[in-house]
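Me: Hi! Can you walk me through this one? I'm new to reading structures.

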Amino acid sequence: MHVSLPVEAECQLSPELNASKLQEGLNTSRFGRSIVFARRINSTSQMAKELATYGAAEGTVVIAETQTAGHGRHGKKWFSPTGGLWLSVILRPKLEASDAVKLVFLAGLAVTQTLSELYGISAETKWPNDVLVNGRKICGILSEMSTRNGEVKYVIIGVGVNANVNVSQALPNELKKNTTSLQNELGKRVKLEELFKTVIGKMEKLYDIFLEHGSEEILREWKKHAFFVGRKVQITGENEELEGLALDVDLDGALIIQLSSGEVKRIIAGEISLIIPS
Ligand code: BTN
(Lines give C-alpha, C1' and ligand atoms only; values in the text may rest on other atoms or scores of the structure.)
Protein backbone atom coordinates (compact mmCIF):
# COMPACT_ATOMS: atom_id res chain seq x y z
CA MET A 1 0.00 0.00 0.00
CA HIS A 2 1.20 3.45 -0.77
CA VAL A 3 -0.65 6.55 0.39
CA SER A 4 0.32 10.02 -0.77
CA LEU A 5 -1.07 12.80 1.35
CA PRO A 6 -2.50 15.65 -0.72
CA VAL A 7 -0.50 18.22 1.17
CA GLU A 8 0.62 20.58 -1.58
CA ALA A 9 -1.52 19.85 -4.58
CA GLU A 10 0.15 22.47 -6.73
CA CYS A 11 3.52 20.74 -6.73
CA GLN A 12 2.77 17.12 -7.44
CA LEU A 13 5.93 16.55 -9.47
CA SER A 14 8.91 16.78 -7.23
CA PRO A 15 12.45 17.17 -8.46
CA GLU A 16 13.63 15.47 -5.26
CA LEU A 17 11.68 12.40 -4.39
CA ASN A 18 9.66 10.24 -6.73
CA ALA A 19 7.05 8.68 -4.46
CA SER A 20 6.01 6.06 -6.99
CA LYS A 21 9.59 4.77 -7.14
CA LEU A 22 9.99 4.25 -3.41
CA GLN A 23 8.69 0.68 -3.55
CA GLU A 24 10.09 -0.34 -6.94
CA GLY A 25 12.50 -3.21 -6.26
CA LEU A 26 12.22 -2.78 -2.49
CA ASN A 27 13.77 -5.90 -1.01
CA THR A 28 11.74 -6.25 2.22
CA SER A 29 8.80 -8.26 3.51
CA ARG A 30 7.34 -5.73 6.01
CA PHE A 31 9.34 -2.51 6.08
CA GLY A 32 8.05 -0.01 3.55
CA ARG A 33 5.28 -2.31 2.29
CA SER A 34 2.99 0.43 3.49
CA ILE A 35 4.27 3.94 2.83
CA VAL A 36 2.75 7.28 3.71
CA PHE A 37 4.41 9.99 1.66
CA ALA A 38 4.02 13.71 2.21
CA ARG A 39 5.73 16.60 0.50
CA ARG A 40 5.47 18.75 3.60
CA ILE A 41 4.58 17.57 7.07
CA ASN A 42 5.21 18.70 10.65
CA SER A 43 7.20 15.59 11.55
CA THR A 44 7.26 12.07 10.11
CA SER A 45 7.65 10.70 13.64
CA GLN A 46 4.63 12.64 14.84
CA MET A 47 2.57 11.28 11.95
CA ALA A 48 3.91 7.75 12.55
CA LYS A 49 2.85 7.97 16.20
CA GLU A 50 -0.67 8.96 15.21
CA LEU A 51 -0.86 6.12 12.68
CA ALA A 52 0.49 3.64 15.23
CA THR A 53 -2.19 4.70 17.73
CA TYR A 54 -4.79 3.92 15.10
CA GLY A 55 -3.32 0.44 14.57
CA ALA A 56 -0.97 0.89 11.58
CA ALA A 57 1.01 -2.26 10.86
CA GLU A 58 4.62 -2.90 11.79
CA GLY A 59 6.94 -1.72 9.06
CA THR A 60 4.73 1.19 7.99
CA VAL A 61 6.98 4.04 6.86
CA VAL A 62 6.19 7.74 6.86
CA ILE A 63 8.47 9.75 4.59
CA ALA A 64 8.41 13.43 3.76
CA GLU A 65 10.25 15.77 1.48
CA THR A 66 10.41 18.45 4.11
CA GLN A 67 9.37 18.72 7.78
CA THR A 68 8.19 21.93 9.37
CA ALA A 69 8.62 20.70 12.96
CA GLY A 70 11.22 17.94 12.70
CA HIS A 71 12.62 17.19 16.13
CA GLY A 72 15.54 15.37 17.63
CA ARG A 73 16.49 14.20 21.09
CA HIS A 74 15.71 16.41 24.08
CA GLY A 75 13.11 18.23 21.96
CA LYS A 76 15.79 19.88 19.82
CA LYS A 77 14.70 21.25 16.47
CA TRP A 78 15.83 19.13 13.51
CA PHE A 79 16.25 21.15 10.33
CA SER A 80 14.68 19.25 7.47
CA PRO A 81 15.06 21.08 4.16
CA THR A 82 14.06 19.53 0.85
CA GLY A 83 16.74 17.12 -0.32
CA GLY A 84 17.16 15.19 2.92
CA LEU A 85 15.90 11.73 3.73
CA TRP A 86 13.38 12.20 6.52
CA LEU A 87 11.52 9.07 7.52
CA SER A 88 10.00 7.19 10.43
CA VAL A 89 9.24 3.48 10.77
CA ILE A 90 6.62 1.92 13.03
CA LEU A 91 7.81 -1.15 14.95
CA ARG A 92 5.79 -3.44 17.21
CA PRO A 93 8.40 -5.67 18.82
CA LYS A 94 7.36 -8.18 21.48
CA LEU A 95 10.08 -6.95 23.80
CA GLU A 96 10.39 -5.45 27.23
CA ALA A 97 10.94 -1.71 27.18
CA SER A 98 14.47 -2.18 28.55
CA ASP A 99 15.38 -4.19 25.44
CA ALA A 100 13.44 -2.07 22.96
CA VAL A 101 15.56 1.00 23.82
CA LYS A 102 18.47 -0.74 22.07
CA LEU A 103 16.64 -0.72 18.72
CA VAL A 104 18.17 2.71 18.10
CA PHE A 105 21.52 1.05 17.40
CA LEU A 106 20.21 -0.94 14.45
CA ALA A 107 19.16 2.21 12.64
CA GLY A 108 22.60 3.81 13.06
CA LEU A 109 24.23 0.64 11.85
CA ALA A 110 21.88 0.41 8.85
CA VAL A 111 22.78 3.96 7.79
CA THR A 112 26.52 3.36 8.34
CA GLN A 113 26.42 0.18 6.22
CA THR A 114 24.40 1.98 3.53
CA LEU A 115 26.88 4.86 3.22
CA SER A 116 29.70 2.37 2.77
CA GLU A 117 27.85 0.16 0.29
CA LEU A 118 26.35 2.88 -1.92
CA TYR A 119 29.00 5.59 -1.78
CA GLY A 120 32.17 4.05 -0.34
CA ILE A 121 31.92 6.41 2.64
CA SER A 122 33.44 5.22 5.89
CA ALA A 123 31.05 6.56 8.52
CA GLU A 124 31.40 6.57 12.29
CA THR A 125 28.80 5.78 14.91
CA LYS A 126 28.55 8.15 17.85
CA TRP A 127 26.89 7.11 21.09
CA PRO A 128 24.01 6.93 21.45
CA ASN A 129 22.40 7.64 18.11
CA ASP A 130 24.34 9.69 15.56
CA VAL A 131 26.25 8.86 12.40
CA LEU A 132 29.21 11.06 11.52
CA VAL A 133 31.44 11.44 8.48
CA ASN A 134 34.86 12.99 8.98
CA GLY A 135 33.77 14.02 12.48
CA ARG A 136 30.63 15.83 11.32
CA LYS A 137 27.04 14.72 11.83
CA ILE A 138 25.34 13.37 8.71
CA CYS A 139 22.49 11.47 10.32
CA GLY A 140 20.43 11.67 13.51
CA ILE A 141 18.17 8.96 14.85
CA LEU A 142 15.32 9.34 17.27
CA SER A 143 13.68 6.36 18.91
CA GLU A 144 10.38 6.93 20.70
CA MET A 145 8.39 4.29 22.50
CA SER A 146 4.89 3.84 23.81
CA THR A 147 4.39 1.27 26.57
CA ARG A 148 1.56 -0.13 28.67
CA ASN A 149 2.30 -2.02 31.90
CA GLY A 150 5.95 -2.40 30.90
CA GLU A 151 5.00 -3.85 27.50
CA VAL A 152 5.89 -2.10 24.29
CA LYS A 153 2.88 -0.97 22.25
CA TYR A 154 4.99 0.54 19.49
CA VAL A 155 8.38 2.06 18.79
CA ILE A 156 8.89 4.81 16.23
CA ILE A 157 12.36 4.99 14.75
CA GLY A 158 12.91 8.35 13.07
CA VAL A 159 15.87 8.65 10.73
CA GLY A 160 17.17 11.90 9.28
CA VAL A 161 19.98 11.78 6.72
CA ASN A 162 21.41 15.00 5.30
CA ALA A 163 21.51 13.75 1.73
CA ASN A 164 21.08 16.38 -1.00
CA VAL A 165 21.47 19.22 1.44
CA ASN A 166 24.01 21.97 0.93
CA VAL A 167 24.98 22.58 4.53
CA SER A 168 26.42 26.05 4.00
CA GLN A 169 23.22 27.25 2.32
CA ALA A 170 20.43 25.25 3.93
CA LEU A 171 21.34 25.07 7.60
CA PRO A 172 21.63 27.78 10.25
CA ASN A 173 25.10 29.08 11.14
CA GLU A 174 25.32 27.34 14.50
CA LEU A 175 25.02 23.91 12.82
CA LYS A 176 27.38 24.46 9.89
CA LYS A 177 30.63 23.63 11.65
CA ASN A 178 29.61 20.21 12.94
CA THR A 179 27.25 19.04 10.22
CA THR A 180 27.82 17.49 6.82
CA SER A 181 25.76 15.93 4.05
CA LEU A 182 26.17 13.37 1.30
CA GLN A 183 26.16 16.18 -1.25
CA ASN A 184 28.96 17.96 0.60
CA GLU A 185 31.02 14.81 1.06
CA LEU A 186 30.58 13.45 -2.48
CA GLY A 187 30.38 16.71 -4.39
CA LYS A 188 27.23 15.49 -6.13
CA ARG A 189 23.61 14.69 -5.43
CA VAL A 190 22.42 11.17 -4.70
CA LYS A 191 19.26 9.26 -5.67
CA LEU A 192 17.00 9.55 -2.64
CA GLU A 193 14.86 6.56 -3.64
CA GLU A 194 17.93 4.32 -3.79
CA LEU A 195 19.13 5.63 -0.42
CA PHE A 196 15.67 5.05 1.04
CA LYS A 197 15.40 1.47 -0.23
CA THR A 198 18.86 0.49 0.96
CA VAL A 199 18.41 1.97 4.44
CA ILE A 200 14.97 0.39 4.85
CA GLY A 201 16.21 -2.98 3.55
CA LYS A 202 19.12 -3.00 5.99
CA MET A 203 16.92 -1.88 8.87
CA GLU A 204 14.56 -4.80 8.31
CA LYS A 205 17.44 -7.29 8.10
CA LEU A 206 19.02 -6.00 11.31
CA TYR A 207 15.63 -5.85 13.05
CA ASP A 208 15.05 -9.53 12.23
CA ILE A 209 18.48 -10.39 13.65
CA PHE A 210 17.63 -8.35 16.76
CA LEU A 211 14.31 -10.18 17.25
CA GLU A 212 15.77 -13.62 16.65
CA HIS A 213 19.11 -13.37 18.44
CA GLY A 214 18.91 -10.27 20.63
CA SER A 215 20.88 -7.04 20.46
CA GLU A 216 24.38 -8.47 20.96
CA GLU A 217 25.34 -8.94 17.32
CA ILE A 218 23.94 -5.53 16.38
CA LEU A 219 25.87 -3.79 19.15
CA ARG A 220 29.05 -5.66 18.25
CA GLU A 221 28.79 -4.49 14.63
CA TRP A 222 27.82 -0.95 15.68
CA LYS A 223 30.89 -0.77 17.92
CA LYS A 224 33.19 -1.58 15.00
CA HIS A 225 32.36 1.92 13.71
CA ALA A 226 32.43 3.65 17.12
CA PHE A 227 35.31 6.10 16.71
CA PHE A 228 34.95 7.52 20.22
CA VAL A 229 35.87 4.32 22.06
CA GLY A 230 39.38 4.73 23.47
CA ARG A 231 39.18 8.55 23.24
CA LYS A 232 38.65 11.26 25.85
CA VAL A 233 35.09 12.53 25.83
CA GLN A 234 32.89 15.05 27.54
CA ILE A 235 29.42 13.84 28.48
CA THR A 236 26.59 16.27 28.92
CA GLY A 237 23.73 14.69 30.83
CA GLU A 238 20.45 16.05 32.19
CA ASN A 239 22.04 17.26 35.40
CA GLU A 240 25.78 16.87 35.13
CA GLU A 241 28.81 17.21 32.92
CA LEU A 242 31.58 14.65 33.05
CA GLU A 243 34.87 14.04 31.35
CA GLY A 244 36.55 10.71 30.96
CA LEU A 245 37.99 8.05 28.74
CA ALA A 246 35.32 6.17 26.76
CA LEU A 247 36.03 2.52 27.44
CA ASP A 248 33.11 0.68 25.88
CA VAL A 249 29.39 0.46 25.22
CA ASP A 250 27.97 -2.46 27.20
CA LEU A 251 25.32 -4.98 26.21
CA ASP A 252 22.58 -2.72 27.52
CA GLY A 253 23.76 0.11 25.30
CA ALA A 254 25.22 2.11 28.20
CA LEU A 255 28.44 4.06 27.77
CA ILE A 256 31.27 2.99 30.08
CA ILE A 257 33.77 5.71 30.95
CA GLN A 258 36.73 6.03 33.22
CA LEU A 259 37.03 9.30 35.12
CA SER A 260 40.42 10.87 35.82
CA SER A 261 40.07 9.59 39.42
CA GLY A 262 40.13 6.06 38.00
CA GLU A 263 36.46 5.47 38.83
CA VAL A 264 34.55 3.61 36.11
CA LYS A 265 31.04 4.91 35.45
CA ARG A 266 28.09 3.61 33.47
CA ILE A 267 26.18 6.34 31.61
CA ILE A 268 22.72 5.54 30.29
CA ALA A 269 21.79 8.88 28.71
CA GLY A 270 23.58 11.99 27.52
CA GLU A 271 25.44 13.58 24.65
CA ILE A 272 29.12 13.06 24.06
CA SER A 273 31.72 15.20 22.37
CA LEU A 274 35.37 14.43 21.82
CA ILE A 275 37.96 16.32 23.81
CA ILE A 276 40.63 17.36 21.36
CA PRO A 277 43.98 17.81 23.16
CA SER A 278 45.27 21.38 22.73
C1 BTN B 1 18.81 13.73 16.81
O2 BTN B 1 19.90 13.83 16.25
O3 BTN B 1 18.59 14.26 17.90
C4 BTN B 1 17.73 12.92 16.14
C5 BTN B 1 17.20 13.54 14.89
C6 BTN B 1 16.08 12.73 14.23
C7 BTN B 1 15.50 13.41 13.03
C8 BTN B 1 14.52 12.54 12.31
S9 BTN B 1 14.07 13.19 10.74
C10 BTN B 1 12.76 12.05 10.61
C11 BTN B 1 12.13 11.94 11.97
N12 BTN B 1 11.14 12.98 12.18
C13 BTN B 1 11.48 13.79 13.18
O14 BTN B 1 10.81 14.77 13.56
N15 BTN B 1 12.66 13.44 13.68
C16 BTN B 1 13.20 12.27 13.03
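Reply: Happy to! Keep in mind that this is a predicted model. Let's start at the ligand: one of its nitrogen atoms is 3.5 Å from an N or O atom in the side chain of Ser45.

Me: Okay, and what does Lys137 do there, how far is its side chain from the ligand?

Reply: An N or O atom in the Lys137 side chain is 2.6 Å from an oxygen atom of the ligand. With Arg73 it is a polar backbone atom that counts, 2.8 Å from a ligand oxygen.

Me: How much of the ligand does the protein bury?

Reply: The protein buries 97% of the 410 Å² that the ligand exposes when taken alone. The space the ligand takes is the largest pocket.

Me: Which residues come nearest to the ligand?

Reply: There are 19 residues around the ligand, and the nearest are Ser43, Gln67, His71, Arg73 and Lys137.

Me: What classes of residue make up that shell?

Reply: The shell has 11 polar, five nonpolar and three charged residues.

Me: And which element gives the largest share of the shell?

Reply: That's β7, with four residues. At least two residues each come from α1 (44–53), β4 (85–91), β7 (136–148) and β8 (151–161).

Me: Switching topic: how far does helix α7 reach?

Reply: Helix α7 covers residues 192–213, which is 22 residues, and spans 31 Å from first C-alpha to last. That is close to the 32 Å expected at 1.5 Å a residue.

Me: What follows α7?

Reply: Gly214 does, and its phi is positive, near 90°.

Terms used
Residues numbered from 1 in each chain as written. Predicted model: local features only at pLDDT ≥ 70, side-chain atom pairs only at ≥ 80, totals over all residues. Heavy atoms only, no water. Near = heavy atom within 4 Å. Polar contact = N/O pair within 3.5 Å; in protein donor to acceptor, adjacent residues only side chain to side chain. Areas by Shrake-Rupley, 256 points an atom, 1.4 Å probe, with all protein chains shown as cover. 1 Å grid on protein atoms, 1.4 Å probe; cavity = no way out; pocket = protein on both sides within 12 Å on 5 of 7 lines; lining within 4 Å. Sits in = over half its atoms within 2 Å of the grid points. Nonpolar A, V, L, I, M, F, W, Y, C, P; charged D, E, K, R; others polar. Expected span 1.5 Å × (residues − 1).
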